[in-house]
Amino acid sequence: MKKITYICFVVLLALSSCTEDFVELNQNPNEVTDESLKQDFNNVGAFFPPMLKNLFGHQIEHNLSHDSWVRHLATPTPFTGGINNTTYYIRWNTYWNRIYGQIMSPATLVKKVAVAEDYPVFVEWAKLIQILGASRLTAYHGPIIFTKFGEEPAKYDSEPVLYNAFFTQLDEIQAVFAANQDYTGLGKFDASYEGSIPKWSKLVNSMRLRLAIRLSKVDPALAKTQGEKALSDPAGLIESNEDNFLVSLYGDVFPPVTISFGWGDTRMSATMESVLIGYDDPRISKFFDPVTQNDLGETPDISDHPEYPYKGIRNGAELVAKGDRLFYSNISSDFKKVENRRFFTAAEVQFLKAEAALRGWAGTGSAREHYEMGVNLSFADWGAGSADAYLANDTGLPIDYNDPQAEGDVNDFVSRITSTVAWDDAADNEAKLEKIITQKWINGYTNSIEPWVDHRRTDYPKLPFNYKNDSNADWGVIPADGFLRRQVFVQSQRENNAASVAEATSFLGGPDEIGTRLWWDVEGPNF
């Protein structure tokens, strides 16, 4: 009897133990659990790589929009009968969907989870990524949904409200980063800075300076206050190429490589040909490949500059067949090997500081020193050798353009740029600013949103106008001697959020058209 009782006790004990361990023993070892997600911050950190990657668009969002509008790249392809974004008739308008679907929405979720889990650095990192994306989107549309994102109905912020919100949030982000300089939690998810909070802090200040300069004509007092705050913050700015903010491709191909080599839909712009050859700029070989041959074994006519075997396409050109200009200069084959793309460089910071110096902001040195340092940093970043001879060039000017595949003067232009590279201390501030912005435009290649902003607010560089201008009453009319100023609000918002779009249009101070200037795009002199 005692033996039977002992056996029953052992069985009951075993059954009890099995019951207690049932969940653990029956857990699929390959299944992702809530607890495993929290290990090493996976529950929030996993969202960041795709958010960062989507700061940049692809063909219809960037390449056939502001890449063309600011004259960095041009298409040989007469899309939709040759009437499209590049000729000022809007066919594509989708960057909005990328920013809200791939950045604003997931970042909002991340912030909620990070607040609940008490991860303050992740909260502020998510806020920073939202600002990086929203600051680019507002450069398209002007008013956007930001401070009221997630509310119903979704209301737009006017641009003054929006930029003040950016500055306030940058204050909050920087305060948390400053208090957590040794924090290592971001490292696993950060392909840009390997989790270095000091480097992210430099990006925060650099972003503040970029946005301050953007507002320097429309609100000089606010711009000066915010610019000087960025310049004086102890965390510093992006001052060396080692601190450049590069966004990883996460194993993907650089999108312009696909557009150019894969699809044959983008080539060097005629303006890049004009400027880089006229300035005897060695960065040309880092940006573009020489011309090739067509099916007949012919190369484009480059007899006006045989020492530079490059040829570009005029933006807004009259195009007949795609094959006519495929043998013009492609982007550099070196881009097939890149693993990231430039978002913010030390060269840009120096050009920002050069302009700030012209505007008399405290914390800057000589405008000339910043200008020349910006060029030197750009040459080093692009692997173009010494910039000494380039900076001394006080005679070279951008060349006029001839399209050898078109009859007569079709697509040709006479360069409007009369500014040389060499600094002139005796020049007025407008002439000095033209040099700064022209070099900033060159350096901004592959990240053309900021050059597009600069061109609209300063009118520099003095870019050629579209040869073909198909703007009309559908989206707004651009004068023959003018440029597209913005993208219209997206159609889904017009249809499904009409009242908010109407209010946002009132913030513009003009119609929801491509010729309406944004808040900071103030017509007239820069000083």
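Which residue lies over the face of Phe261? Lys336 does, at 4.1 Å from the ring centre. A charge sits over a ring here if NZ of Lys or CZ of Arg is within 6 Å of the ring centre and within 35 degrees of the ring normal. Arg486 gives another example: the charged end of this residue is over the ring of Phe489, 4.8 Å from the centre.

Before we walk further, a word on what you are looking at. This is a predicted model, in which local features need pLDDT of at least 70 and side-chain atom pairs count only at pLDDT 80 or more, while totals for chains, interfaces and linings use all residues. Residues are numbered from 1 along each chain as its sequence is written, and side-chain values use heavy atoms, with hydrogens and water left out. The pLDDT, which is the predictor's confidence in each residue from 0 to 100, averages 93 over the chain, and 93% of the residues score at least 70. Residues 1-32 are another matter: pLDDT is below 50 there, and beyond near neighbours in sequence the stretch has two contacts in the model, a contact being heavy atoms within 4.5 Å.

Let us turn to the charged pairs. The whole structure holds 33 salt bridges, each defined as a side-chain nitrogen of Lys or Arg within 4 Å of a carboxyl oxygen of Asp or Glu. One of them pairs Lys229 with Asp171, whose closest N and O atoms are 3.3 Å apart. This bridge links distant parts of the chain, from helix H13 (residues 220-232), which holds Lys229, to helix H11 (residues 159-178), which holds Asp171, and the two residues are 58 apart. Helices (H or I, at least four residues) and strands (E, at least two) are DSSP runs, numbered from the N terminus. Lys229 counts as partly exposed because its relative accessibility is 31%, and Asp171 is partly exposed with a relative accessible area of 31%. On this scale, buried means under 20% relative accessible area, exposed over 50%, and partly exposed in between (1.4 Å probe, protein chains only).

Arg368 and Asp425 form another bridge, with 2.9 Å between the closest N and O atoms. Arg368 belongs to helix H18 (residues 367-382) and Asp425 to the loop between helix H19 (388-391) and helix H20 (429-443), so this pair ties together parts that are 57 residues apart in sequence. Arg368 is partly exposed at 33% relative accessible area, and Asp425 is partly exposed at 49%. Elsewhere, salt bridges with shared partners join Glu355, Arg359, Lys440, Asp454 and Arg457 into one network.

Next come the rings. A pair of aromatic rings is described by the distance of the centres and the angle of the planes. Rings of Phe, Tyr and Trp (its six-membered ring) pair if their centres lie within 6.5 Å; planes under 30 degrees apart count as stacked, over 60 as edge-to-face and the rest as tilted. There are 39 aromatic pairs in the structure. The ring centres of Trp125 and Trp200 are 5.5 Å apart and the planes meet at 70°, so this pair is edge-to-face. Since Trp125 lies in helix H10 (residues 120-141) and Trp200 in helix H12 (residues 197-214), the pair ties together parts that are 75 residues apart in sequence. Both Trp125 and Trp200 are buried. Tyr163 and Phe166 are also edge-to-face, at 5.5 Å centre to centre and 80° between the planes. These two residues lie in helix H11, three residues apart, about one turn of the helix, and both Tyr163 and Phe166 are buried. Ring pairs also build a cluster, whose members include Phe41, Tyr119, Trp125, Trp200 and Phe343.

Finally, the backbone deserves a look. Most residues other than glycine have a negative phi, and most peptide bonds are trans. A cis peptide bond joins Glu152 and Pro153, with omega about -5°, and Pro153 is in the loop between H10 and H11. Another cis bond joins Tyr460 and Pro461, with omega about -10°; Pro461 is in the loop between helix H21 (449-458) and helix H22 (491-496). Glu194, in the loop between H11 and H12, has a positive phi of about 55° although it is not a glycine, and Glu194 is exposed at 69% relative accessible area. Asn411 has a positive phi near 75° and is found in the loop between H19 and H20, where Asn411 is buried with a relative accessible area of 0%.
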